[in-house]
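Here is a friendly note to read alongside the structure you are about to open. Take a moment to turn the model around before you start.

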Amino acid sequence: MIDTVVIATDGSESVTRAVEVALDLAERFDAAVHALYVVDAGEVESSPEKLREELRAALESQSEDALDAVRDHADRELTTAVREGHPAVEITEYAREQDADLVATGTRGRHGENRFLIGSVAERVVRSCPVPVLTVRQLADD
């Protein structure tokens, strides 16, 4: 039984299909839906000091757009949240706090060496999250 679904979004094109699949699944189980955006603290911290506040503000603005995109696809009420930190850690912690039954996220579908060199938030969530994680790959036509 799925009672609570957390959708992790970064507002990218690769997440659009994951949002649609997760909302469809939530509809079928009449589950509560949470949409989560994480402002990547590592990205902010690695920027030049005098640009950090400007970058943080831009990322927070992007979070509003990303969460609005989830709302636009939803035919049901949902809870939204914005966190700042390391995305995989924050997603996992939020899922625990909400007693989620499922976390849904998109993946950019990197292959080969790039996947190992670049890493992936989705992969880290799969490895660390205590609940099932649904990763949805963007289709080639998307």
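1. A word on the source and the overall layout. This is a predicted model, so please read every value here as computed from that model. The chain holds 6 helices and 5 strands.

2. Next, the chain as a whole. It has 142 residues, and 41% of them count as buried. The accessible surface is about 8300 Å², with 45% of that belonging to carbon and sulfur atoms. Among contacts with a separation of 6 or more, 77% are between residues 24 or more positions apart.

3. Just after α1 comes D30, which takes a positive phi of about 50°.

4. Which residues of α1 are buried? They are S14, V15, A18, V19, A22, L23 and A26. These residues lie on the same side of α1, because they cover an arc of only 145° around the axis. On the face turned away from that buried side, you will find the exposed residues E13 and R28.

5. What do the buried residues of α1 pack against? Their partners are the strands β1 (4-8), β2 (32-40), β4 (102-107) and β5 (133-137), together with helix α3.

6. In soluble globular proteins, nonpolar side chains tend to be buried together. Here the largest nonpolar core has 22 residues, and V5 and I7 have the most contacts inside it. The elements β1, α1, β2, α3 and β4 each give two or more residues to this core. Of these, α1 gives the most, with 5 residues.

7. A second, separate core has 14 residues, including A8, A88, V103 and V125.

8. Finally, please look at S63, which sits in helix α3 (residues 52-73). Is S63 buried or exposed? S63 counts as buried because its relative accessible area is 2%, and the cut-off for buried is under 20%. Leaving out neighbours within four places in sequence, S63 is in contact with Y37 and V82.

9. Two distances complete the picture of S63. Its side chain reaches the backbone oxygen of E60 at 2.4 Å. The C-alpha atoms of S63 and G11 are separated by 7.3 Å, although these residues are 52 residues apart along the chain.

Methods: Residues numbered from 1 in each chain as written. Predicted model: local features only at pLDDT ≥ 70, side-chain atom pairs only at ≥ 80, totals over all residues. Heavy atoms only, no water. Helix = DSSP H or I, 4+ residues; strand = E, 2+ residues; numbered from the N terminus. Buried < 20%, exposed > 50% of the residue type's maximum accessible area, 1.4 Å probe, protein only. Contact = heavy atoms within 4.5 Å. Polar contact = N/O pair within 3.5 Å; in protein donor to acceptor, adjacent residues only side chain to side chain. Areas by Shrake-Rupley, 256 points an atom, 1.4 Å probe, with all protein chains shown as cover. Arc of directions from axis to C-beta. Core = buried A, V, L, I, M, F, W, Y, C linked by side-chain atoms within 4.5 Å.
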